Amino acid sequence: MKNIIKNAKKGILLLALTVTMVSFANENSIYNVSVVANKTTLTINHVKEGNLLSLKNALGQVIASETIKTTGKYTREFDLSFLSNGNYMFEVDKGLEINEIPFSIKSGEALFNKNEEKVIYKPFIRVSADMVFVSKLAIDGEPLDIEILFTPKNSMNSTVVVSEKIKNKDKIERAYQLSSARPGEYQVILRTAGRRFEKKI
């Protein structure tokens, strides 16, 4: 009888550990998805009101988008059967972070692979007086191309004043001093993970 109780306790403990591990994994995943026939129910974890959800094709073109109006978990049902066979992506823009949720369509059915989900950390540009500060998390080691152009006032011709490629760093931080001697406009262009970010000064 004691052995039965001990084994039962071990079984309960193992079940509790398993449930805890599964719950932990789900909480740390970008999303959960359920596909039944042509109905896809997508739950995105850790969103904030104002985040932007977009549906994009393989070329990065936006098919549809909406602003999320809740904080915490966001759940919505989609009918993706209208999409042609091919590769697509849900994208959640969270300010300095972009969550990519790729999937494919085959004969009207959406197929997701959670191993392909990805987080892209956007570069951040801050301007203070004549200084420009650029920072970015690069946990996956993705490089960052930095280019700063100057266009004199009343001119259409731009000059490259900074051109730099930074790689093999987990955290990127750079500071550049801009000259205010001539009137004109500076443009900071950053490229990383196949994306382009820019700011005019």
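**Exercise 1. How many helices and strands are there in the protein?**

Start with the source: this is a predicted model. Next, count the elements. The protein has one helix and 16 strands. Then check confidence. Mean pLDDT is 84, and 86% of the residues reach 70 or more. Residues 1-27 fall below 50, and this stretch has three contacts in the model beyond near neighbours in sequence.

**Exercise 2. Decide whether Ser 104 is buried or exposed, and list its contacts.**

Locate the residue: Ser 104 is in strand S7, residues 97-106. Apply the cut-off: buried means under 20% relative accessible area. Ser 104 has 15% relative accessibility, so Ser 104 counts as buried. Now leave aside neighbours within four places in sequence. Ser 104 then contacts Gly 86, Asn 87, Glu 109, Ala 110 and Leu 111. For the whole protein, 32% of the 201 residues count as buried.

**Exercise 3. Describe the surroundings of Tyr 31.**

Begin with the pairs. The structure holds six aromatic pairs. One of them joins Tyr 31 and Phe 112, with 6.0 Å centre to centre and 50° between the planes. Classify the angle: planes under 30 degrees apart count as stacked and over 60 as edge-to-face, so the rest are tilted. The Tyr 31–Phe 112 pair is tilted.

Widen the view. Tyr 31 and Phe 112 belong to one aromatic cluster with Phe 78, Tyr 88, Phe 90 and Phe 103. Finish with burial: at 0% relative accessible area, Tyr 31 is buried.

Terms used: Residues are numbered from 1 along each chain as its sequence is written. This is a predicted model: local features need pLDDT of at least 70, side-chain atom pairs count only at pLDDT 80 or more; totals for chains, interfaces and linings use all residues. Side-chain values use heavy atoms; hydrogens and water are left out. Helices (H or I, at least four residues) and strands (E, at least two) are DSSP runs, numbered from the N terminus. Buried means under 20% relative accessible area, exposed over 50%, partly exposed in between (1.4 Å probe, protein chains only). pLDDT is the predictor's confidence in each residue, from 0 to 100. Contact means heavy atoms within 4.5 Å. Rings of Phe, Tyr and Trp (its six-membered ring) pair if their centres lie within 6.5 Å; planes under 30 degrees apart count as stacked, over 60 as edge-to-face and the rest as tilted. A charge sits over a ring if NZ of Lys or CZ of Arg is within 6 Å of the ring centre and within 35 degrees of the ring normal.
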